[in-house]
Amino acid sequence: MNSVKQLSKHFRDVHFGGNWTSVNLKDTLANVGWQQATAKVQDLNTIAVLVFHINYYVGAILNVLQGNPLNAHDKFSFDLAPVSSEEAWQDLVTKCFAEAEQLAAAIDTLDDAVLFCDFADPKYGSYYRNLLGVIEHTHYHLGQISLIKKMTRQ
């Protein structure tokens, strides 16, 4: 399996299952309703905000792989509009998983040679750095979501 296929697999695995940690976003969110997703625990982000935040960067990278300029700013990555119904929560989750699958499919189309080329702008590093980074970023926030989920069940 070439490097691009490995990255695509790892990205899918953290979202949909099969990764080394045996924890994934889909299973973790499967039984979370909108009230739990928006429950505030101390000064932590909510589960909904973290799902939005994870997806914000997935969408930004997907946009670049679709041939568009990078148009993302860290300061907006937590700006989730209020989620005040189960339908709104499910829309956010559906968007997250749809864009994750779109990004995985886009990664699959890349040639390994592009991995060490600059991603959008040299200051952001290579495609490899950004693709691996979004996987690591998802794992990091998945851990937070898992803990907040446990805390909101007590």
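**Entry 1: the model**
I reminded myself before starting that this is a predicted model.

**Entry 2: aromatic pairs**
I looked up how many aromatic pairs the structure holds, and there are five. I picked out Phe52 and Tyr56, whose rings form a tilted pair with 6.3 Å from centre to centre and 40 degrees between the planes. The angle was worth checking: planes under 30 degrees apart would count as stacked and planes over 60 as edge-to-face, so 40 degrees falls to tilted.

Why are phenylalanine 52 and tyrosine 56 separated by about one helical turn? Both are in helix α4 (residues 47-65), and they are four residues apart there. I jotted down the general rule next to that: an α-helix has 3.6 residues a turn, so residues three or four places apart point the same way.

The cut-off for buried is under 20%. Tyr56 comes in at 18% relative accessibility and counts as buried too.

I then followed Tyr56 to Tyr57, where the ring centres are 5.3 Å apart and the planes sit at 80 degrees, so I have this pair down as edge-to-face. Put together, the ring pairs link Phe52, Tyr56 and Tyr57 into a cluster.

**Entry 3: a nonpolar patch**
Which residues make the nonpolar surface patch of about 250 Å²? I found Leu44, Leu147 and Met151. Met151 belongs to helix α6 (residues 127-152). With 34% relative accessibility, Met151 counts as partly exposed.

**Entry 4: helix α6**
I noted 26 residues for α6 and a reach of 37 Å from the first C-alpha to the last, close to the 38 Å expected at 1.5 Å a residue.

I also looked up what is buried in α6; the residues include Tyr127, Leu131, Ile135, Leu142, Ile148 and Lys149. What do the buried residues of α6 pack against? My list reads α1 (3-16), α2 (25-29), α3 (34-37), α4 and α5 (86-108).

**Entry 5: His141**
I finished on histidine 141, which has its place in helix α6. At 6% relative accessibility, His141 counts as buried. Leaving out residues up to four places away in sequence, I found that His141 touches Leu50, His53 and Ile54.

Notes. Residues are numbered from 1 along each chain as its sequence is written. This is a predicted model: local features need pLDDT of at least 70, side-chain atom pairs count only at pLDDT 80 or more; totals for chains, interfaces and linings use all residues. Side-chain values use heavy atoms; hydrogens and water are left out. Rings of Phe, Tyr and Trp (its six-membered ring) pair if their centres lie within 6.5 Å; planes under 30 degrees apart count as stacked, over 60 as edge-to-face and the rest as tilted. Helices (H or I, at least four residues) and strands (E, at least two) are DSSP runs, numbered from the N terminus. Buried means under 20% relative accessible area, exposed over 50%, partly exposed in between (1.4 Å probe, protein chains only). Patches are made of residues with over 30% relative accessible area and no salt bridge: like charges are joined within 9 Å, nonpolar side chains (Val, Leu, Ile, Met, Phe, Trp, Tyr) within 5 Å. Accessible areas come from the Shrake-Rupley method with a 1.4 Å probe; for residues, only the protein chains shown count as cover. A salt bridge is a side-chain nitrogen of Lys or Arg within 4 Å of a carboxyl oxygen of Asp or Glu. The expected span of a helix is 1.5 Å times one less than its number of residues. Contact means heavy atoms within 4.5 Å.
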